[in-house]
Amino acid sequence: MWTAFPPQPAWTASGNTITVTNHSNTDITASFAFSALTAYNTVTGSFSSTSLTLPTAEGKAVNDAVLTGKTSLTLGGTLASDITVFTNVGTVIVTIS
């Protein structure tokens, strides 16, 4: 998680879960997309929520639950059977607006 002055929204990832917390003085929308690398174009990615809308943090406690949202990435499609080690198959794009 990162902070700036004034405090800004931040996101973190753990496993297949992305957590977004709004510490700014305005509402935000976080949108999520998956882009497969060219070599793995048979891999797909979908999210439990394609976007999250979080309210302003103004007037709320830093740990107020309404300021945080989560989404999970599920990968699908096919991958060659000779790939037996962890492999980067794509990119997750988080857009905060």
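Threonine 71 touches Asn16, Thr17, Ile18, Phe32, Phe47, Ser48 and Ser49, leaving out residues up to four places away in sequence. The model is a predicted one. Threonine 71 is found in strand S6, which covers residues 68-77.

| Side chain | Partner | Distance |
|---|---|---|
| Threonine 71 | Side chain of serine 48 | 3.3 Å |

**The aromatic pair**

How many aromatic pairs does a search of the whole structure find? It finds one. The ring centres of phenylalanine 32 and phenylalanine 47 are 5.8 Å apart, and their planes meet at 35°, so the pair is tilted. Planes under 30 degrees apart would count as stacked, and planes over 60 as edge-to-face.

Where do the two rings sit? Phenylalanine 32 lies in strand S3 (residues 28-36), and phenylalanine 47 lies in strand S4 (residues 43-47). The pair therefore ties together parts that are 15 residues apart in sequence. Both phenylalanine 32 and phenylalanine 47 are buried.

**The nonpolar core**

The largest nonpolar core has 14 residues. Which of them touch the most other members? They are Ile18, Val20, Phe32, Phe34, Val43, Phe47 and Val89. Both rings of the aromatic pair belong to residues on that list. Strands S2 (17-21), S3, S4 and S5 (51-54) each supply at least two residues of this core. S3 gives the most, with four residues.

Valine 89 is one of the core residues named above. Valine 89 touches Phe34, Ala36, Leu37, Tyr40, Val43, Leu75 and Leu79, again not counting residues up to four places away in sequence. Phe34 and Val43 are on the core list too.

**Serine 35**

Serine 35 is placed in strand S3. Is serine 35 buried, partly exposed or exposed? Its relative accessibility is 35%, so serine 35 counts as partly exposed. Setting aside neighbours within four places in sequence, serine 35 is in contact with Gly90, Thr91 and Ile93.

Technical notes:
Residues numbered from 1 in each chain as written. Predicted model: local features only at pLDDT ≥ 70, side-chain atom pairs only at ≥ 80, totals over all residues. Heavy atoms only, no water. Phe/Tyr/Trp six-rings, centres within 6.5 Å; stacked < 30°, edge-to-face > 60°. Buried < 20%, exposed > 50% of the residue type's maximum accessible area, 1.4 Å probe, protein only. Polar contact = N/O pair within 3.5 Å; in protein donor to acceptor, adjacent residues only side chain to side chain. Contact = heavy atoms within 4.5 Å. Core = buried A, V, L, I, M, F, W, Y, C linked by side-chain atoms within 4.5 Å.
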